[in-house]
Amino acid sequence: MADLKEYKRDKIDSKFGKIVIDRDLCIGAASCIAVSGVTFELDNENKVIVIDSESVDDDMLFVAAESCPTKAILLFDKSGKQIFPK
Ligand code: SF4
C-alpha cells in the first residue's frame, strides 16, 4: 500500500483542503522546497514533509506540486476531490 501522509489545509480563502504526500514517490529532489520553503522540508529519510500547510497561497502551492518530478505532491479540494495531478 502506498505510504501517504495527509495534511489538512483550513485556509479560508483557499480552494485546497488537503495536501497529500506520497512518500513512496518522493525522491528528495527538493524542487518543492525551492518553490515554497515555508511549506515543505525534508525529514531524516530524505522524504518531504509539510511543516506549514496554511501560509502558502494557492498559486505557489500549485507551482510547488507541479515542480515535483515524480508527482509526489497531491492536492485535494475542500470536498475531497483530487485536483492535482489529474
Ligand atoms: S519535489 Fe517531489 S520528490 Fe522532490 S522533495 Fe518535493 S515531493 Fe519529494
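**Group meeting: a walk through the predicted model**

Strand E2, residues 16–22, is joined to strand E5, residues 73–77, by 5 bridges, and the two run antiparallel. Strands here are DSSP runs of E with at least two residues, helices are runs of H or I with at least four, and both are numbered from the N terminus. Two strands pair if DSSP finds at least two bridges between them.

Before going on, a word on the source. This is a predicted model, in which local features need pLDDT of at least 70, side-chain atom pairs count only at pLDDT 80 or more, and totals for chains, interfaces and linings use all residues. Residues are numbered from 1 along each chain as its sequence is written.

Back to the strands. E5 in turn pairs with strand E6, residues 82–84, in the antiparallel sense over 2 bridges, with Leu75 opposite Phe84. The hairpin of E5 and E6 has 4 residues between the strands, and Gly80 takes a positive phi near 95 degrees in it.

Pro85 lies in the segment after E6.

Now the whole chain. The protein chain has 2 helices and 6 strands, in the order β-β-α-β-β-α-β-β along the sequence. Its radius of gyration is 12 Å, close to the 12 Å that the globule rule gives for 86 residues, so the chain is as compact as a globular protein of that length. That radius is taken over C-alpha atoms, and the rule is 2.2 Å times the number of residues to the power 0.38. The C-alpha trace spans about 30 × 30 × 20 Å along its principal axes.

Of the 86 residues, 21% count as buried. Buried means 20 or more other C-beta atoms within 10 Å of the residue's own, exposed means 12 or fewer, and partly exposed is in between, with C-beta atoms placed from the backbone.

Which residues of helix H2 are buried? In H2, residues 58–67, they are Leu61, Ala64 and Ala65. They cover an arc of only 100 degrees around the axis, which puts them on the same side of H2; the arc is that of the directions from the helix axis to the C-beta atoms. Among the elements covering them are E2, helix H1 (31–35), strand E3 (40–42), E5 and E6. Contact here means C-beta atoms, placed from the backbone, within 7 Å.

Next, the ligand. Of the 14 residues around the ligand, Cys26, Ala29, Cys32, Cys68 and Ala72 come nearest, where near means a C-beta atom, placed from the backbone, within 6 Å.

Last, two loop residues. Most residues other than glycine have a negative phi, and most peptide bonds are trans. Asn46, in the loop between E3 and strand E4 (48–50), is not a glycine but has a positive phi of about 65 degrees. Asn46 counts as exposed, with 11 C-beta neighbours inside 10 Å. Lys71, in the loop between H2 and E5, is also not a glycine and has a positive phi of about 55 degrees. Lys71 is partly exposed, with 13 other C-beta atoms within 10 Å.

Key: Two residues are in contact if their C-beta atoms, placed from the backbone, lie within 7 Å.
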